[in-house]
Each structure stands twice: as structure tokens, then as C-alpha cells.
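Please keep the view open while going through the points.

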Amino acid sequence: MVTAAHPSPAPSLLRAARVRHLGPNWYAAVMGTAVVGSAGVALPRHGVVPSGVLAGVWALSLIALTVLLAARALHWNLHPDQARAHLLDPATAPFYGCLSMALLAVGGGAMTAGLPLIGTRTAVALDTVLFTAGTAVGLAAAVTVPYLMAVRHRAEPAQATPVWLLPLVAPMVSAALGPLLVPHLPPGQPRETLLLACFAMFGLSLFMTLLMLALVFARLVTSGPLPLALTPTLFLVLGPLGQSTTAVGKIADAAPGVVPAPYDRGLDVLAVLYGVPVMGFALLWLALSVAHVVRARRQGMGFAMTWWAFTFPVGTCVTGAAALARHTGLACYDALAVALYAVLVTAWLAAATGTVRGLLSGELLAAPRPAR
């Protein structure tokens, strides 16, 4: 009697093994890629970078987001135990904020870098979907992750890292990108409601970030430098600084004709009075972070997915500097935006190269090793 052959389970097992350790931190690669396009458009003299190149980078981020969403859905389906473990891990749970920011970054990029490629109508439709989903996920993460940290994670002060900021920054990204959709809403209350909702998310994120940033800085000065692999995460502090400066600038840009006088003028004044000192602090933190990274590199810091922290936060400082250039008319902010964009592109090339190599070797999808 001949027994029918059964298909080998090896391919499905191999596919399952490949996504078992695919965590939410991978969305940082999408964020870092999308911001290269949108920050390039924000440059005061963005014509230096061909619009076709910026559109191509944005398209790459859209493809990466689509692939990653599918892979993460497979991860939740095949490894629900691992997915739940990520939520209960104080080192991994904050990365769920990256899902929100990836959706928002790609959606906002459609309205800027992707516009020549897909047109206004498609860009507005795509951004509406991604902005709505990203904002909902971001607000949920901003509540859920701090709640889990309080009742389940039991983290010690010495464990504080800039990664804890991620779920708190997500609403600030919504605040910075929401004004792009304001002109496409019906005049009157719909526009004003969205703009003031963005301003509310600006405040929500800002005050929560200030609370958490104190813990991060206290950990640095009392417990010493971060582990080598986590040292690049110091750049994450630049995210809320640059993004909040961008947000107040974008909100002020959209305010005329949307909010009544004198609030529209007040928002324009706020864009400068808030943005100038915050950008000053961002440059200070950038210098401090670079010093830590140089030290870590000399001590043997190799590539890790944390290198993507070099990208999106720096990109927000590019858009923040560009906003200050618009609102002050000062050439120094033009120059700052261009200089930071050069840093962003260099960082993206380094992170993307390391990621591709790690994927080809299989190292990045292997079980994580303890940070040192």
C-alpha cells in the first residue's frame, strides 16, 4: 500500500522561526527612511535634492511599512506568546510607539516627498488613513505603556533609558503632521478642531516627555553611561525636541484663517519663543550624545538596530530648524537645517547598510543577546 506523501513542514517552520524575534523596534527603520524624504522637502533650499530622489526614498518607506506590517501580523499569529512577552518587557514595550510614528511618518511623507509621485488626491487619502490609525495607536501607546510600566514592569531607576520616551513622543508626531491635513477639511469647525487637537497633543506629549526625561538624565549621572548597544538611543531625546519645534511651527503656519485673532498671531509668536530655546537645548544634547557614541565606538560598539536612533530624531531637528528659518528669516537656521540633513543622510546610509547586512547574514532576526 502506497502512502501519500505529506508536504514537508520545514518551509513553514523556517518562516515561523524568522519572524519569532521580529519586534516592534523594526518600525524605527521605516521612520528613519520616511524622514529622509520629508526632511529633504522641508529644507529651505530643498531644490538641491532632486524631488525624484526624495519621492523614491518615501516610496521605499511605504514599501518597508507594508512589508513590516505583514511580517508583524504573521508574528502575532504564529508567536502570540512572544508578542505578549514584548508588551510585558520594559525594554521592548516602549517600541510600540514606533508603530504609531511609522504610520504617521509615511502618511505625512505622502503629503510632502511623495506628492509628485502620487498626486494630491491620493496623498490626502493615504495620509488620512495613516494619520488616523497612527494617532489612535499613538494615544493608546501613550496610556498603555506607562500604565504597564507602573503596574507590571517594575522597572528600576537604573534601567531608565531614552527608549522610555518612544510612546510619549508619538502624539507629538501627530501634532506636527496633522496640520498638513487642515487645508483639506471643510472650513470652519472641522479645521479648527483638528488644529487645536494637534495643539492638545503637543501639550500631552511635551509634559509627559519632561517627566520622563528627568528620569533618563538622572540615570545617566547616577549610574554611568548606557550599555554600548544602547548608547545610540541617547539620540532619541532629540525626537521630542525637534518634533515639538516642528509642531509649533506647523500649527502656526496653518493657524491664519482657521483660529480667530489674536490666537493665530499668538501661535506665530509661540513658534519662535518656544522653538529657539528648545533648539538650543537640542544642539546641546546632540553634542552630549555624540560624545557618548564616540566613547562607545572606541570601546567596541558594533552595529545594532539601535543605530536607527541616529535617523528619525535628527530628521525632526532638520524640520524644526527649517520651521525656525521660516518664522525668523535668519540664515543661520537655514544653514543649521542643511548641516543636520547631511548628518541625517550619513546616519541613514550607515543604519541601512548595517540592516541589510544583518538581514542577509540572519543575525538581526536571531534571538537577542544581552546588551553590554
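Predicted model: local features only at pLDDT ≥ 70, side-chain atom pairs only at ≥ 80, totals over all residues.

1. Residues are numbered from 1 along each chain as its sequence is written, and side-chain values use heavy atoms, with hydrogens and water left out.

2. The protein chain has 12 helices and zero strands, where helices (H or I, at least four residues) and strands (E, at least two) are DSSP runs numbered from the N terminus. Its radius of gyration, 21 Å, is close to the 21 Å that the globule rule gives for 372 residues, so the chain is as compact as a globular protein of that length; the radius is taken over C-alpha atoms, and the rule is 2.2 Å times the number of residues to the power 0.38.

3. Of the 372 residues in the protein chain, 51% are buried, meaning under 20% relative accessible area with a 1.4 Å probe, protein chains only. Among contacts with a separation of 6 or more, 82% come from residues 24 or more positions apart, a contact being heavy atoms within 4.5 Å.

4. Which peptide bond from Ala 261 deserves a look? The bond from Ala 261 to Pro 262 is cis, with omega near 5 degrees, whereas most peptide bonds are trans. Pro 262 is placed in the loop between helix H9 (238-254) and helix H10 (263-298).

Methods. Buried < 20%, exposed > 50% of the residue type's maximum accessible area, 1.4 Å probe, protein only.
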